Amino acid sequence: MALRDSSTGKVIRSYSVEQLKEAANLMRGYDLVALCAAGSGHAGGTLSVMDLTAALYLHAAEHDPKNPSWPDRDRIIWSTGHKAPSLYLGLAFAGFFPVDDVMTLRKLGSPFQGHPHWLKLPGVEVSTGSLGQGLSLSVGMALAARLDGKRHKIFCLMGDGEQQEGQVWEAAMEAGHFHLDNIIAIIDCNRLQIDGLVSDVMQVEPLDAKYSSFGWEVLRIDGHDMNQIVDAFKKARAVEGKPVVILADTVKGKGVSFMENQPGWHGKAPNRAELDTALKELGLSERLRVEPLLQKARDYQAEVDRKLVAKMPRFTRDYWWNAGGDMKVRMEPTRKGFGKSLAENGDDERVVCIGLDISGSITINEFYSGKPARANRWISMGIAEQSATAAAAGLAREGKLPVLGSYATFSAARNLDQVRVSVCYANLNVLIAGAHAGVSVGPDGATHQALEDLFAMQGLPNMSVVVPCDAVETRKATTYLLLEHKDPKYIRFAREATPVVTDEKTPFVFGQANVIRLRAVAPNFADAFETQLAANYKSESEDLSIIAIGPMIPEAMRAAYILKQEYGYETRILNMHTLKPIDAEAIVRAARETGVVITAEEHQIGALAWRVSSILTESRELYGQPLITGAIGVKDRFGDSGAPWELVKELEVSAEHIALKAMKLMAFKKEATARETSQTASRAI
Ligand SMILES: Cc1ncc(C[n+]2csc(CCOP(=O)(O)OP(=O)(O)O)c2C)c(N)n1
């Protein structure tokens, strides 16, 4: 068992138990420096698995860092994708790449994505981040090895909270059924998940009895005792006829006193002072060259900044948020509006909120925080989006008003069939929150960035879809959907702070668009605009229209400002907060009265653009009328790790990109008008 040269079969390096312990400690240090440099990431879980990681990569697995795709290598599947930095350090220490490279963690374009992506980094076997999928991937790889007559092992690392995903148990059953003795699963039993103790959120123990009953060999060890770890891997390799699971009891945040057993350190990175204290505790203050490592991260970031500046459309001056002396904007995460509404309206006895282990961050915890009388209507279901969705449908069938939410990619994609059949087909009154949608989760990377959710949600019969533009509108929309709207409904909002552009007086009528018009430059951005219901709006024969949803509304407003300042163009903005049922009349009117329509969505192009196109092409009123259209949105690609506002630039969904598109379309409009004028003139001669 060791690192091998695949061409000669010779051992490159073997580690003693003492050396493995030392490597694990050093890896903890590098981990914390990388997290500090990134400014985000998961300290608790990466520290809890580091002893297992060192043993796996430097001792237990047979692999060759010079030949990452050696067909006979053991496979290591990092199902617990948020612990990516420990995987990267395992690979680096094994010699796959220099350890300093990991310092670009979570930055735009880095191979060290927030969650592992095998297409970006040799040595990473599969792409993970959506919990509960790794064991199924392992089953597939184990079956392939059997078909090919190969003897290598498939190691699969999971978390204990992750065991709440039903898919884990489907895979566990398959591995048992097929007697896949080439699978060695390891569970990092640190007893914590995001919302608190696993036993409180949703009990998964006794894992030994559960796995045994599924036909697995079970080993239980202290996951920080290197002798026990090494011994367990040896025993596991020798088991025949059934898969093996190693239940490793660990401490979340292991090695750093102020992180140990603290749920608050789940998804948090140390600042510089905390890093120094942590390194001191690990005995690494002298050993690790922190400054050069942080400098490596800074240099990489400087290059990212340079590339983004070069990529952005340019105007006579900088119009970026709060760049000038006027048009100042206040920012607040849209998710806050969701929480406020639940806090305000939760006394209605029918309201039941379902927790999916991400409660504080998406603000659904506001429903019960400081309100003990509501405790029985807060139902924690753990990391189990599929079952929770159908359970919500069950609650709705009995007259409750269930609300569930998670990252949009888990609450509107992971559970899509449950939304389709149990909620929509049955037409039940369930409110689904797609939180942290679009690029707003930034450094977590592509697996966590919902850029496709609106296709599915608006495509489902009976489903209504609302995409509010700021925290204030999110609050109004949540209140309406929760208490007034009786059918399946999806609300999509963001994590990052975005401009607040509406206030209490701004109209919000479900199914009816608002028209927003720039009136005059003002000290405060929001005051420069006037908003009214589209149905009440009288055309001012504007030059163009921008139809936008969600966080693209403030961007569209800023684009209108750029277009007015730079070219004198007047823009009609339609806030299409209700994507379904869509306000077709407002769209047709905008097209007829301005002749140029741009759609803007922080989503793959199409959820809004194709819907608007189909309305325009179907409209009798527009038949024979010249119309110029364009679409701003994500262009058929996955996201990336990076700061949210960097991603807005990288994915070309900023006001500047809208303004550039508008300029191009206005040039077509002018050309077309000139052609028509000259044709009319020549006909007259
Ligand atoms: C399908 C899915 N749902 C939700 C999340 C968000 N999430 C990331 S980590 C985590 C908690 C994981 O708990 P556990 O497996 O115990 O890991 P640990 O506490 O050791 O970090 C959650 C809910 C996710 N990544 N995937």
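Let's start with helix α5. Its buried residues are G134, L135, S138, V139, A142 and A145. Around the helix axis they cover an arc of only 145 degrees, which puts them on the same side of α5. Why would a helix do that? An α-helix has 3.6 residues a turn, so residues three or four places apart point the same way.

One caution before I go on. This is a predicted model.

What does that buried side pack against? The list has strands and helices. The strands are β3 (75–78), β4 (154–159) and β5 (183–189). The helices are α6 (166–177) and α8 (207–213).

Now the length of α5. The helix runs over residues 134–147, so 14 residues in total. At 1.5 Å a residue, that should span 20 Å. The end C-alpha atoms are 20 Å apart, so the two values agree. Just after α5 comes G149, with a positive phi of about 65 degrees.

On to the ligand. How many residues surround it? There are 23. The closest are H82, N190, L192, K252 and E385.

From K83, a polar side-chain atom lies 2.8 Å from an oxygen atom of the ligand. E162 uses its backbone: an N or O atom there lies 3.0 Å from a ligand oxygen. H448 has a polar side-chain atom 3.4 Å from a nitrogen atom of the ligand.

How much of the ligand does the protein cover? On its own, the ligand has 590 Å² of accessible area, and the protein covers 99% of that.

Conventions: Residues are numbered from 1 along each chain as its sequence is written. This is a predicted model: local features need pLDDT of at least 70, side-chain atom pairs count only at pLDDT 80 or more; totals for chains, interfaces and linings use all residues. Side-chain values use heavy atoms; hydrogens and water are left out. Helices (H or I, at least four residues) and strands (E, at least two) are DSSP runs, numbered from the N terminus. The expected span of a helix is 1.5 Å times one less than its number of residues. Buried means under 20% relative accessible area, exposed over 50%, partly exposed in between (1.4 Å probe, protein chains only). The arc is that of the directions from the helix axis to the C-beta atoms. Contact means heavy atoms within 4.5 Å. A residue is near a molecule or strand if one of its heavy atoms lies within 4 Å of it. A polar contact is a pair of N or O atoms within 3.5 Å; within protein, one must be able to donate a hydrogen and the other to accept it, and residues adjacent in sequence count only if both atoms are side-chain atoms. Accessible areas come from the Shrake-Rupley method with a 1.4 Å probe; for residues, only the protein chains shown count as cover.
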